[in-house]
Amino acid sequence: MSLLSEETEVFEAAPGQRCAVVFLVRRRTPAPGDTGRTAAALGAELDALRAEGWWLSVDRILDGERPDGGEPEEASPGERTEDARAAPCRDVPAGTESTRAAPHRDVPTVYATGFSHDVDYVGMFEAPSPSSALAGTRRLEEAGWSRVFRTAWLLGQREFLPVVGPASRREDEWAFFALWSWNSAWQAATAQQRRAYDEECDVAFASDVRDGAAITGRHRLDGASRWDHIGVWRVPGVAMVDRAMREHARVADFKFTTSRHYIGRRTRLDDALRRK
Amino acid sequence: MNDVVWLHHSLPRTAWFELTPEEQARREEAFRAQRELSLRQGASRQGRFHVRGQGDYSHVEIWYFPSAEHAFDHWSRLVAAGYTACFEFSNQVGTAAEPAAPSA
């Protein structure tokens, strides 16, 4: 797979075939009467997918290729994910002794967006391959997901590695989902104009990371949607995103894109499923 | 086995109409080469249909691919060949609804 656009100072190309499974969902109303049983069935299916290499939360995706819950692997020289590797990889309170063998550390997670958007929850999982992503969405639908949610699934391969700076905090419970399509002006731009644009945007992205945003990198979505790509940020809160968007507007990020943004608050999928 | 269906909706960008016929033909040739590579790699093209006026796009192509990876690779090569500079798009990937997958 070729890259949609080139690497930058902030974003480094990712190896492999891992594939985003983004979902934009609306709760069905009325909710089915057996949500408890559906939640249990989906929990079992998600356990199976996790065992097949799926990552089921933005937090886990931000951790990248580390062993689940284990200590950081030795980074190769010059590797730029060392900030991510230094971040705590725990779903237990700080100071609590965790065990490497503890199951379910990667808790299936969605983000509640219903307070300000036309969808109730959004989220991103990551599958080991596009085939696994496609088959897995079907399995989830058949295990009961479709009884509870009306869903737009957006699938596509990882392009850039996560960017997690020292200011990022794992306890931050807000996330910002940014879907982008390049517009006809970008399509008509020269390679030099696109490079200059990427450099301008990098100024804003570097500022975002300094302000505490942890960015999942970039996944392309153009093979199976109308969007070109998505980036998801774990952020300290809505005010930080507001400041960030002003900076992105200042550097003219949006002159070349159509964007759709969702902001949501971290919620366990199981809680979302069981909500009355 | 071609288990994966891939639907490609398209609409020409203004830039496409502004190309000379010769330039359009040159680009079409580049896109055709990528489609033929996909066919050689196991895809099958079921047709290209005119659907203008029923949505945001004017045409839809129906393809079958051996896998989602093949579909994404096909699209990635078209993009690299300049396809999206000429056409807006919306794509979908899916698997056969029937027969239903046996339950475990």
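Student: At roughly what angle do the axes of helix 1 and helix 4 of chain A cross?
Tutor: The model is predicted: local features need pLDDT of at least 70, side-chain atom pairs count only at pLDDT 80 or more, and totals for chains, interfaces and linings use all residues. Residues are numbered from 1 along each chain as its sequence is written, while chains are lettered from A and ligands numbered from 1 in the order in which they are written. Helices (H or I, at least four residues) and strands (E, at least two) are DSSP runs, numbered from the N terminus. The axes of helix 1 (residues 35-51) of chain A and helix 4 of chain A come within 8 Å and cross at roughly 165 degrees.

Student: Does that make helix 1 of chain A roughly parallel or roughly antiparallel to helix 4 of chain A?
Tutor: Axes are lines fitted to C-alpha atoms, for helices over the stretch in contact, and angles run from 0 to 180 degrees between N-to-C directions. Angles under 35 degrees count as roughly parallel, over 145 as roughly antiparallel, 65 to 115 as roughly perpendicular and the rest as oblique. The crossing at roughly 165 degrees therefore makes the two helices roughly antiparallel.

Student: How many nonpolar residues are in the contact of helix 1 of chain A with helix 4 of chain A?
Tutor: Residues are in contact if their C-beta atoms, placed from the backbone, lie within 7 Å. From helix 1 of chain A, the residues that meet helix 4 include Thr35(A), Leu42(A) and Leu49(A), and their counterparts in helix 4 include Leu140(A), Trp145(A) and Val148(A). Ala, Val, Leu, Ile, Met, Phe, Trp, Tyr, Cys and Pro count as nonpolar, Asp, Glu, Lys and Arg as charged, and the others, Gly among them, as polar. Besides four polar and three charged residues, this contact has nonpolar residues numbering seven.

Student: Which element gives the largest share of the side of chain A that touches chain B?
Tutor: In the model, 18 residues of chain A are in contact with 22 residues of chain B. Two or more residues each are given to that side of chain A by helix 4 (130-148), strand 4 (149-160) and helix 5 (184-188) of chain A. The largest share, five residues, comes from helix 4 of chain A.

Student: How far apart are the axes of helix 4 of chain A and helix 3 of chain B?
Tutor: Helix 4 of chain A packs against helix 3 (residues 68-80) of chain B at an angle of about 120 degrees, which means that the two are oblique. Pro130(A), Ser131(A) and Leu134(A) make the contact from chain A, and Ala68(B), Glu69(B) and Phe72(B) make it from chain B. The axes are apart by 7 Å.

Student: Which residue is the bridge partner of Ala112(A) in strand 3 of chain A?
Tutor: Strands pair if DSSP finds at least two bridges between them. Strand 2 (residues 109-112) of chain A pairs in the antiparallel sense with strand 9 (residues 257-268) over four bridges, and Ala112(A) has Arg265(A) as its partner there. Strand 2 of chain A also pairs in the antiparallel sense with strand 3 (residues 121-127) over two bridges. In strand 3 of chain A, the partner of Ala112(A) is Tyr121(A).

Student: Which strands are the edge strands of the open sheet in chain B?
Tutor: Four strands of chain B form this sheet in the order 2-3-1-4, with antiparallel pairing. An edge strand here pairs on one side only, and the two are strand 2 (44-50) and strand 4 (87-95) of chain B.

Methods
Two residues are in contact if their C-beta atoms, placed from the backbone, lie within 7 Å.
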